[in-house]
Amino acid sequence: MGDDRTSYGISLRQGWQDLESFRQSCLLVEKLGFGSAWVTDHLRGPDPLLEPFTALSYCAALTSRVRLGIAIAVSFARTPVHLAQAVASLDRLSGGRLEMGIGSGSPRLGPAFGVADEDAFTRFR
């Protein structure tokens, strides 16, 4: 029978401004017993964010137990092959601790990645 305990996750601040805070957050999430730590794949916004696969690779090197998640990786921001490589690499480097969500993202951003608005959802499928 499986483990029936409830596990809680928490979102990590992944801004460029204070890398020491990001490092301390990774360590604290594990120390406090959270089940998972999450980052996002925002491609635009008021503040620059660390790229999620890179940020979680760093967090994986600092921790040993906490699961690491991306909510939600934007599918058209990377080719399917590059996305698969990034996912597999991070899962391997973290010892199988990756939790992964994949979504279509906003079709308005598609042209910035060479994907026409009308193709954004098609490519996701």
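Author: Two strands count as paired if DSSP finds at least two bridges between them. Strands (E, at least two residues) and helices (H or I, at least four) are DSSP runs, numbered from the N terminus. This is a predicted model: local features need pLDDT of at least 70, side-chain atom pairs count only at pLDDT 80 or more, and totals for chains, interfaces and linings use all residues. Residues are numbered from 1 along each chain as its sequence is written, and side-chain values use heavy atoms, with hydrogens and water left out.

Reader: How many bridges pair β3 with β4, and in which sense?

Author: β3 covers residues 67–74. Within this pair, L68 sits opposite L98 of β4. The β3 and β4 pairing is parallel, over 5 bridges.

Reader: Which strands stand at the edges of the sheet?

Author: The sheet is open, with 4 strands in the order β1-β2-β3-β4 and parallel pairing. Two strands have a single partner each, so one side of each is left without a neighbour in the sheet. Those are β1 (9–11) and β4 (98–103).

Reader: Are α1 and α2 parallel, antiparallel, perpendicular or oblique?

Author: Axes are lines fitted to C-alpha atoms, for helices over the stretch in contact (heavy atoms within 4.5 Å), and angles run from 0 to 180 degrees between N-to-C directions. For α1 (19–31) and α2 (52–62), the axes come within 9 Å and cross at roughly 50°. Under 35 degrees counts as roughly parallel, over 145 as roughly antiparallel, 65 to 115 as roughly perpendicular and the rest as oblique. That makes α1 and α2 oblique.
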